[in-house]
Amino acid sequence: MQVPSKAELERFFSEEQSEEVQFIEIVATWPSLRILEYLYENEPTTTAALARGVNMDMRDVKDRLEALEKHGIVSRKNDNWRSQTEKIQMEIRKTGDQLELSHAIGPSSEPTDASDAGIVSRLIRSFNPFN
């Protein structure tokens, strides 16, 4: 997993923006979304079971899980991974001539039914301007 370091990102963004860009880079990529979706449906689970479940290399899954853990999205106890949140919001906004990036992590305030259970479905609803 190649996630740019904060120092690398600070060459292009402010210090605050670089933290947000790194968060988005870790959370909003298809490998992370697939891992989170599997984890939400099968938690708690081991790294090996998760890697098999998403058909990805175990080392890549472990690296991604550790990055997600660093940002408080997942946690590990006794070699089992669990999600730490039901809701992740990311906002990218133009403010004047600046790019404003932010995110929020927290429990879901929306009731969900079985058809809305996956993270991909929830993120699509979050990014859909017509909701």
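The model described here is predicted. Thr85 is placed in the loop that links strand S2 (80–83) to strand S3 (87–95). A polar atom of the Thr85 side chain lies 2.9 Å from the backbone oxygen of Lys87.

Ser83 is part of strand S2. With a relative accessibility of 15%, Ser83 also falls under the 20% limit and therefore counts as buried. Leaving aside residues up to four places away in sequence, Ser83 touches Leu39, Tyr40, Glu43, Ile73 and Val74.

| Residue | Relative accessibility | Class |
|---|---|---|
| Ser83 | 15% | buried |

The largest nonpolar core comprises 24 residues. Val27, Ile35, Leu50, Val61, Leu68, Ile73 and Val74 have the most contacts inside this core. At least two residues of the core come from each of helix H2 (15–27), helix H3 (30–42), helix H4 (47–54), helix H5 (58–70) and strand S3. Helix H2 provides the largest share, 5 residues.

Which residues does Ile35 touch, not counting residues up to four places away in sequence? The partners of Ile35 are Leu50, Val54, Met56, Val61, Arg64, Leu65 and Leu68. Among them, Leu50, Val61 and Leu68 are also listed with the most contacts inside the core. Ile73 and Val74, which Ser83 touches, belong to that list as well.

Methods:
Residues numbered from 1 in each chain as written. Predicted model: local features only at pLDDT ≥ 70, side-chain atom pairs only at ≥ 80, totals over all residues. Heavy atoms only, no water. Helix = DSSP H or I, 4+ residues; strand = E, 2+ residues; numbered from the N terminus. Polar contact = N/O pair within 3.5 Å; in protein donor to acceptor, adjacent residues only side chain to side chain. Core = buried A, V, L, I, M, F, W, Y, C linked by side-chain atoms within 4.5 Å. Buried < 20%, exposed > 50% of the residue type's maximum accessible area, 1.4 Å probe, protein only. Contact = heavy atoms within 4.5 Å.
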